[in-house]
Amino acid sequence: MRLDAVVENDVVREIRAHIEDKKHELIESGLSEKEANRAVCRSMGSPELVAKQIYEVYSQGSWVQAIFAALPHLLVAAFFALHWWQSTFWLIGILAAVVGGAIYGWFHGKPAWLFPWLGYCLIPVIAVGILLVYLPGGWAWLAASAYVPLALLIIFSVTKKIAKKDWVFASLMLLPAPIMLGWIMWLWILALEGHHGFLSYEQLYEFAPLIALTFAVLALTVATFIRVRQRWLKVGVLLTLEIIILGIMALSRKSSINPVGWIGLILLSVILILGPALLEKYPKRTSGKPLHLSSKSVR
Amino acid sequence: MLIENRNLSEVQKVNYERELLKGNTDSLLLSLINRQPTYGYKIIKELEKGSKGYFQFKEGTLYPALHRLERAGLLEGKWQKLPSGQERRYYYITAKGQKSLAERMAVWQNFAAAVALIMEPSG
């Protein structure tokens, strides 16, 4: 059912008790145990439908949870809109808030709002990889060839662990990656075209409003994800709004990335949003005991 | 033939009843649990017995509805262990649930009275 472990366990126990009651009644009415088992299974209807309906009861987060989930994206939007990059206080403050939020959520039942925070915790892994480029001469390639597989392994392990809980949370965590990658590529190309291979403050000021806008739309995407009930709608919201954000960036007159680059980023978005579904299928789900009809019927 | 076409088919009747039930499932559950805290299996039995066989709830309808009402704070589910060792999840109506039920009953009575005035005019 992809619910919180406690809720899922409660639902399974409750339906199991119901099945036992019904089976006992049928046996008392003269049916054999085998016939009773068959009749109970038939009367319960589609387990997928029951699971879907129960999921939709619990899948909608409150407005507070929606705001909390959108908060890390809003902080990044504010970071650029209000030029907080100039202040060490804000920089450290945001980092501390992101790490603090992720740790708090991780040890408090891993609620849906945790995953956008967790996504930002992976930034240092990517940032170190980017900084390796600035190593002198052949060291950059040597370090990158050692670091990139390690970084990918870390990201893959975290994604796999989250996909075990529910793959859409892994998609939620990876959501900002293509957008951040798009901005890194965009600004990097500009930096290479400029002086000394670094971005100037003027360039950063010029693009800050658009960067802030993309992260504000990302915040809206996440809040919508938390508020909608249907699973297909949640995935649809992530996919549609992510592609719209990348589309807006691609259509910007000042974009330094060519159309092939943007198509690549859109494909990456599709892979990162839908790919975790494949990860969920491989590890066997362990939360919640399977429903089975026991021969012991106690009243 | 003309009369037959104007009548509701069996499928239409079932769909109409299903629509009516869908709109009133929550009120029926709140009303039943307001009388006495109870559990899923017994709710199905009570509804069937109380309505002389008219309401035949499926488990797939009942449990999502109970959990939805619980999530809305109208019901509270508590596990109880029977002397036999079996556990059952009993549902209790909350103060918010009682208030909601009173409001639903008032709306229902007004609606039923208005429908009766139109569909069964006394003269």
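How much area is buried between chain B and chain A? About 2,100 Å², with carbon and sulfur atoms giving 50% of that area. Buried area here is the accessible area (1.4 Å probe) that two parts lose on being put together, summed over both.

This is a predicted model, where local features need pLDDT of at least 70, side-chain atom pairs count only at pLDDT 80 or more, and totals for chains, interfaces and linings use all residues. Residues are numbered from 1 along each chain as its sequence is written, chains are lettered from A and ligands numbered from 1 in the order written, and side-chain values use heavy atoms, leaving out hydrogens and water.

**View 1. Chain B meets chain A.** Here 21 residues of chain B are in contact with 22 residues of chain A (contact means heavy atoms within 4.5 Å).

**View 2. A salt bridge joins Lys45(B) and Glu25(A).** Their side chains meet at 2.9 Å, N to O. The two chains share 5 salt bridges (a side-chain nitrogen of Lys or Arg within 4 Å of a carboxyl oxygen of Asp or Glu).

**View 3. The largest cavity is lined by residues from chain A and chain B.** Its volume is about 50 Å³, taken as the space filled by probe spheres set on grid points joined across faces, edges and corners. On a 1 Å grid over the protein atoms alone, a cavity is a set of points where a 1.4 Å probe fits but cannot get out, and lining residues have an atom within 4 Å of a point. Among those lining this one are His18(A), Asp21(A), Tyr41(B) and Arg88(B).

How values were computed. 1 Å grid on protein atoms, 1.4 Å probe; cavity = no way out; pocket = protein on both sides within 12 Å on 5 of 7 lines; lining within 4 Å.
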